[in-house]
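Student: Please take me through one part of this structure in close detail. I'd like a connected account, with the terms spelled out as you go.

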Amino acid sequence: MKLLFVLLLVFGAAALAEKLYGILWSRRLCAAVSFQPEPAVEGETAVLLETIENRKRLPLAALKVEFPVEHGLGLGEEENASRSDKQYKRDVFSVGGFQKISREIPFLCRRRGYYQIDRLDLCAEGLWMKETYYLEKKQDTYLYVYPRKIPSGRLKLPMHEMGGLLEQQRGIVEDPLTFAGIRDYDTTDPMSRINWKASARQGRLMVNQSFFSCSMKVTCFLDVENLTIWNHREVHEESIRLAASMLGELIRQGISVELLSNGVDCLSGERVRIPDGSGRGQTEKLNRSLSRLRLDEKLRLMPIRELVEAEEKRLSVSERLILLITENRSRELEGTIERLAGRGTQALWVGVAYRNETWEGPKAKRVSYVKWEVEHEG
């Protein structure tokens, strides 16, 4: 009888302890994940900080931390990450009382994009490893992964063609003696352009801007529409890199640029559109918008021809150059670009296509053509 009483007491104490553990395990338990504050670049390594802090005496023998991330961040290569529509990063910790654990997790940014973690799932094993307790914590951390820049050597041909068209459009080359004002310094500006007196007055570095730089404007039409049932993701991603690289180089030269695309912003749901601008701020807007540009075969996008036609009247000016980046080869688009170019502007058509595809380019006056070849992935 005494033995039975002792057993009942032991089991009752164990059940009570388990119940108290189930109530207390999550109290004063802090858990968070945060991306590095600065943006990353496609193909480079970034860092995620994972922090667990137990602010009570009660230890947690086995705490599993899980959070969803998209495949473009490369965490799926690890053993403790699962794959589905999203991939789930999982880690298991043994956390003592009043203990804080911080881990930096490096990962490869395999694709450009806007990545966000909005929740963190905590799972703790019970005191006797028979029960499991769950808790969801809201998170608000994001990372911009900018498009990879195309090497300057490979970019030489389209940029040379662009430079020739800009000179034809203005009829002059940039003259540093033709002063047209000052603007904020960009890290890509040469030191010779710095206006030291203006910089001293403003309290920040300012550079001289020539008449050519401030008067010329470039409008880029970026096409990411799938023309067939096949999703040419490699072509569209390369088109995005081309837009970022070419417009970034033009901004570095002090030329005002704008970007119009039939691609959709993953946050706003609107078509990507960046108005005219120059300088470091414009480069930042460009990279962020292109990072958020969503490629989804389920989306029905405005045909690039319709987008150009909607802007045709506004762009029919002499001091503006049209840059078209597309895999589209339709005669309708060719006619629209020729009509626009015939009203006094110049146009550069960059045809992005797989290496084995052949096309001689548009047969249109005042429209130059450069083919940009892309390799099939895999």
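**A histidine, then a helix**

Tutor: Leaving aside neighbours within four places in sequence, H232 is in contact (heavy atoms within 4.5 Å) with N226, E327 and Y354. Before we go on, this is a predicted model, in which local features need pLDDT of at least 70, side-chain atom pairs count only at pLDDT 80 or more, and totals for chains, interfaces and linings use all residues. Residues are numbered from 1 along each chain as its sequence is written, and side-chain values use heavy atoms, leaving out hydrogens and water.

H232 sits in the loop between β12 (217-222) and α5 (233-252); helices (H or I, at least four residues) and strands (E, at least two) are DSSP runs, numbered from the N terminus. With 18% relative accessibility, H232 counts as buried (under 20% relative accessible area; exposed is over 50%, partly exposed in between, with a 1.4 Å probe and protein chains only).

β12 turns up again around helix α7, residues 304-315: the cover over the buried residues of α7 includes β12, β13 (256-265), β14 (271-277), β16 (320-326) and α8 (331-341). Those buried residues are I304, L307, V308, E311, E312 and L315. Seen down the axis of α7, they fall within an arc of 160 degrees (taken from the directions from the helix axis to the C-beta atoms), so they line one face of the helix. An α-helix has 3.6 residues a turn, so residues three or four places apart point the same way. On the face of α7 turned away from its buried side are the exposed residues A310 and K313.
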